[in-house]
Amino acid sequence: MTKPGYKTTEFWAAAASQLLALLALVGLIGPGDLATLQDAVGKCIAAVALFAANAWVVVRYIQSRTRLKQSALPR
């Protein structure tokens, strides 16, 4: 099953890039800074997605270990 587009890293990176382009268009960001900012924001979004995925793995591991240890306790 394919996840919705708004749940992908690519969607958020593209949305942030478009927002930065809009800010450059209205003059809030200098045109020379746009490429650097787009690159930095894209990397930040990817880092947040990676951190969230790793955190999910750690939480699931802790949950499984807790269940395993609780089932081994004498009753």
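Student: What makes Leu22 partly exposed?

Tutor: This is a predicted model, and in it Leu22 has a relative accessible area of 47%. Buried means under 20% and exposed means over 50%. The value of 47% falls in between, so Leu22 is called partly exposed. Leu22 lies in helix α1.

Student: What is the span of α1, and how does it compare with the expected one?

Tutor: Helix α1 runs over residues 9–25, which is 17 residues. From first C-alpha to last, α1 reaches 24 Å. That is close to the 24 Å expected at 1.5 Å a residue.

Student: How do you know which side of α1 is the buried one?

Tutor: Ala16, Leu20 and Ala24 are buried in α1. They cover an arc of only 85° around the axis, so they sit on the same side of α1.

Student: Why is Ala21 called partly exposed rather than buried?

Tutor: Ala21 is in helix α1. Its relative accessible area is 29%. Buried needs under 20%, so Ala21 counts as partly exposed.

Student: Which residues does Ala21 touch, beyond its neighbours within four places in sequence?

Tutor: Ala21 is in contact with Leu34 and Gln38. Contact means heavy atoms within 4.5 Å. A C-alpha distance is another matter: Ala21 and Pro31 are 8.8 Å apart by C-alpha, and 10 residues apart in sequence.

Student: What makes Leu37 partly exposed?

Tutor: Leu37 has 33% relative accessibility. That lies between the 20% and 50% cut-offs, so Leu37 is partly exposed. Leu37 is in helix α2. With neighbours within four places left aside, Leu37 is in contact with Leu20 and Ile29. Leu37 and Ala16 are 21 residues apart in sequence, with 9.8 Å between their C-alpha atoms.

Student: Why is the pairing of Lys43 with Asp39 called a salt bridge?

Tutor: The closest N and O atoms of Lys43 and Asp39 are 3.4 Å apart. The cut-off is within 4 Å, so the pair qualifies as a salt bridge. A search of the whole structure finds one salt bridge.

Student: Where do the two partners lie, and how accessible is each?

Tutor: Both Lys43 and Asp39 lie in helix α2. They are four residues apart, about one turn of the helix. Lys43 has 55% relative accessible area, over the 50% cut-off, so Lys43 is exposed. Asp39 has 43%, so Asp39 counts as partly exposed.

Technical notes: Residues are numbered from 1 along each chain as its sequence is written. This is a predicted model: local features need pLDDT of at least 70, side-chain atom pairs count only at pLDDT 80 or more; totals for chains, interfaces and linings use all residues. Side-chain values use heavy atoms; hydrogens and water are left out. Helices (H or I, at least four residues) and strands (E, at least two) are DSSP runs, numbered from the N terminus. The expected span of a helix is 1.5 Å times one less than its number of residues. Buried means under 20% relative accessible area, exposed over 50%, partly exposed in between (1.4 Å probe, protein chains only). The arc is that of the directions from the helix axis to the C-beta atoms. A salt bridge is a side-chain nitrogen of Lys or Arg within 4 Å of a carboxyl oxygen of Asp or Glu.
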